[in-house]
Amino acid sequence: MAADLASVIQIWLAALFTIWVVSITFKDNVFFKFAEHTFVGAAAGHNIVYGVDNVLRYGWTPLTKGALLYVVAFILGIILYTRYHKKYFWLSRFPLAVMVGLGIGLSMRATVTAEFIAQIQSTAGLKILGVDAWTGFSNLLFIIIVLAVVYFFIFTFPSAHKGNLGIISKFARYAMMASFGYSFANALLSRFNMIFGRVDFLYSSWLPLPGAMIALPIVLILLAYAMVPAQKRPWPKPSKSS
Amino acid sequence: MLVAGRIFALGMLIALWIFIVGGMELAKKKLPQFRKIAGLDALPEMVGRAAEMNRPVHFTTGLGELTGTVAPQLVAGLAVLGHVSELAAKYGVKIVYSVYQAQVMPLATEIMREAYIRAGKADAFNAEDQIRYLSGEQFAYAAAVQGFAERERPAANIMIGPFYAESQLFAETFFRVGAIQLAGTARGYQIPFFAVVCDYLLIAEEIYAAGAYLSKDALQCGSIQGQDLGKIVAWILMFVGVLATAAGTPIIINLLKA
Amino acid sequence: MSKQGKGLWRRLEEVPREILYLLIFLAIIVPTISPIGLAVPIGDEARAWYSTIDKLAAGSTVFVDFGYSGGGEPELGPMAVATYHHMLQKKLKVIAMSTSIEGPLLFDKAMAELGPEKYGSKYGVDYIHIGYIAGTETAMAAVGKDLRATTSTDYKQVSLDQYPIMQGIKDASSFQLLICFTTGGDQSEGWVRQWVTPYKTPYIANVLALMIPTMLPYRKAGQLLSLTAGAQAGEVELLVKVPGRGIKSADVISMTHLLMVAFVILGNIAYYGRKASGG
Amino acid sequence: MSLLVRRQLPILIVFVAALLVMIDYFVKIPGTGPAVTDLQNWGIILTAFALGFGAVNLFYLHTRHISRRTPGQWPFSIWLLVMIAVFAIVGVALKPTSKEYSWMYNASYFALSATVYASTGFFIASGVYRSLKVRNLEAAVLLLAGGATLLRNAPVLAANVPLLISLDSWLSAVPTTSAQRGIMIGASLGAIALGVRTMIGRETGFLGRLTEAERGK
């Protein structure tokens, strides 16, 4: 047929893995376990591949071009692995400290603007007056919700939540619930899109291949069998230790 | 030379630094008071229900490592674990903690043993049976927790920590076996799932407050008080800013842009 | 009667999940097999997405983060492809990197689906991928500060100096637009912190639908010019006039959502039925 | 002395690295720019080195399973290690952009990761049936917002009932954005506080294992 053998095998493997992974939705079974261990192993292997790729491209290349200071980065990178050594594990703290310090610095310097000041500024700039009534109302509601939610997250001044003031937090919770409802519906949309992606793959790429229509029921029957508890299966007999 | 447009941000960062460090110093002398945290109040009722039904309580702290950025969530989860363990010991209910991170095992054992000692039931604690290391792989761990839920049908399920996609599997499975659930995470994507399925909810930063409040750790409590001051500043800036905008002056906006 | 009624309501409420799964599966499989071609409305964000790119002059440079993982490919892949169609039609220069470790492979996948040659676009001249760069926000900051100091090769480990598209590209200021396709909040938010905040680069992001709410505050504050979900790929495909996988999923999305609405209604009827019959 | 090197020095490194990056951003001092550029590139290299951690952890865990013959687990452990080796060897030897590697990736890793997350969709959907109920006022608010969005997200309904689109836009622009903004402001302070605590050595998770002496203050 038109498709070459390599891509036929590729599609078959991908199809089997897809079906085996979905089976977890019903019950844990050995096919899922096999697929899952393949996944975890492949992911770890993939990380090594790109780790090596990155070390070569961003470390080795500048080093060979004369940026000798990068030797230090290499040495630090290698001592990261002392964390597995019983005695010298503390050496790995130095490279980790560089990574952590860099991460914190990059995060703090920008967070204060991007997630604190910019948000305050955007809220403070909302117009209640001089706009049409609906926009004015929406903006007012917006401001009230932001203020209420920030108020809700003030924990250590208990008097701020006593008596009638408690209503502010209650209101904040309602607003957050509305936002969670919105988020939840969006999450469904994401997941259905993903399920469709896999179903479409099985339907348009795998099933048209010769033999797939025959294989599908066999795969499903085997899966169902694998979900039967070991004691109830005629074969294979459960090992004593499990 | 200060960079224009970043001056206010720098000032704010310094102010926050002072709030947080100051808060921690003050807390060493006297712990701050905390507001009521609705979810925590439900705990005695949840554990009591388990006692009535003679079924276990299940606890988990989700994924993440003690060394990563989500570590504070894990620490908060462990603080709640200590509190729930004490309640469970008092009520004579079995509490089972499902662990994802092998590195947490010794810490969790210590926390739970101390809780049982505080409740005067040191003998009732069986670490082997109550702290279960399931797997260090997300979905294997999820499958194992689901298996536990279906076999032992816990009366209550408490999930506090950094949760990822497995949160949906847990919430649904425990709901199905009839467990009453309390959940909390600061991972924004997972909160909605908990909000829909669980009976009690700790929202985002609430888990840190809950952890600090229960552990009575001066540094954590103080840090939260420092952050609260930051929130008050944000509140005032927004409130005054809105009024200023309504009055037609961009004074606050310009200040923030400085 | 009341007891029997109660049993019925309870049975309805506790219907086995296998039945629910089967219904969902049917709602997906039926429109996959026989597409209905239901209508797709185009929303404001998809229009903002389209017009942000459309407004750029030919020859403008765009920086793209292929930051999604395989897990999100069914949702984000179609949007990435549709957007590339648009950018190559407009003769923009597109320089991509990946903050996701699967990015380079998914880039290849997207390019195979797209077929840049139909616009006469050439690798290294009109578009390029400079590789996966580890470190997420560190990588963004590094590339923004000095792209050429961070990497001197593309994802195939060929020197960047050989590619005409890289001429004059130095740092974040060399780009007129930043686009991020991602399945991770660290990425979609990281670009706001590391590029938008210091360099004011115009930024649009395409994320999983479930990530939209946490990104909305940035959109409102103007840190983002458009925020779309991968699920809106169909709308952009319509605007760009290259119908693809996005449109194909629309029927399935419609059907499954109608089923969900039915679930909510039925679930509540069962719940109140049981309560009313004293359950 | 050793405590100083093992515990205090890493904290000092964190402090200096973070401070350097922040100074570079807020203050114009000649010389910090190139230093920070190098530091950031080192950060990338170190992260790249750290990408091997996952494999090493798995290696430790699964060789233990294999040597103990953990029932029902050890054959899978062997397979997992084989997969790591196959991916690593093919990817490093032939480069990740090679046809062979891309074939492997698409046959296994891609299909698996795409499906793993998709399969959680079934759980969420059954959650819709079981728990999206008007149990109290909070749940009612959640259901109303969620229900409206659900309706809007079905293209066929949105195309025929334009009101749904306006309703959904309002829900997203007003209550959702504002509530999320409140949460964001709180969370940003949490992130900054975490940074401050780490910089002054009050958050030492990154140090990993602490010895007895180090824990005793």
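In what order do the 6 strands of the open sheet in chain C follow one another? The views below are taken from a predicted model, and the first of them answers this question.

**View 1. The open sheet of chain C, with its 6 strands in parallel pairing.** The order of the strands is S3-S2-S1-S4-S5-S6, and the edges are formed by strand S3 (127-132) and strand S6 (226-229) of chain C, each of which pairs on one side only. From one strand to the next, the twist averages 15°. Strand S5 (residues 203-207) of chain C is joined to S6(C) over 4 bridges in the parallel sense, and within this pair Ile204(C) has Ser226(C) of S6(C) standing opposite.

**View 2. Helices H5 and H8 of chain C against the strands of the sheet.** Helix H5 (residues 103-114) of chain C lies across strand S1 (61-67), strand S2 (93-98) and S3 of chain C, and the direction in which H5(C) runs is at about 155° to S3(C). Helix H8 (residues 212-220) of chain C also packs on the sheet, where H8(C) touches S5 and S6 of chain C and makes about 170° with the direction of S6(C).

**View 3. The contact between chain A and chain C.** Chain A contributes 38 residues to this contact and chain C contributes 43 residues. On the side of chain A that touches chain C, the elements giving two or more residues are helix H2 (30-64), helix H4 (93-124) and H6 of chain A, and H6(A) supplies the largest share, with 18 residues. By class, the residues on that side of chain A divide into 18 nonpolar, 17 polar and 3 charged.

**View 4. The crossing of H6(A) and H2(C).** The axes of helix H6 (residues 166-206) of chain A and helix H2 (residues 17-33) of chain C come within 10 Å and cross at roughly 50°, and the two helices are therefore oblique to each other. H6(A) passes H2(C) in a right-handed crossing. From H6(A), the contact is made by Ile195(A), Phe196(A), Val199(A), Asp200(A) and Tyr203(A), while from H2(C) it is made by Ile28(C), Ile29(C), Thr32(C) and Ile33(C). The residues of this contact divide into 7 nonpolar, 1 polar and 1 charged.

**View 5. Helices H4 and H10 within chain B.** The axes of helix H4 (residues 71-91) of chain B and helix H10 (residues 206-215) of chain B cross at roughly 45° and come within 8 Å, which makes H4(B) oblique to H10(B). The crossing in which H4(B) passes H10(B) is left-handed. Residues of H4(B) in the contact include Pro72(B), Ala76(B), Ala79(B) and His83(B), and among those of H10(B) are Ile207(B), Tyr208(B), Gly211(B) and Leu214(B). Divided by class, the residues of the contact of H4(B) with H10(B) are 9 nonpolar, 5 polar and no charged.

**View 6. The contact between chain D and chain A.** Here 100 residues of chain D are in contact with 98 residues of chain A. Among the elements of chain D that give two or more residues to the side touching chain A are helix H1 (2-26), helix H5 (99-131) and helix H8 (162-199), and H8(D) gives the most, with 20 residues. The side of chain D that touches chain A has 67 nonpolar, 28 polar and 5 charged residues.

Technical notes
Residues numbered from 1 in each chain as written. Chains lettered and ligands numbered in written order. Predicted model: local features only at pLDDT ≥ 70, side-chain atom pairs only at ≥ 80, totals over all residues. Contact = placed C-beta atoms within 7 Å. Nonpolar A, V, L, I, M, F, W, Y, C, P; charged D, E, K, R; others polar. Axes fitted to C-alpha atoms, helices over the stretch in contact; angles between N-to-C directions. Parallel < 35°, antiparallel > 145°, perpendicular 65-115°, else oblique. Left-handed = near helix turned anticlockwise from the far one by under 90°. Pairing = 2+ DSSP bridges.
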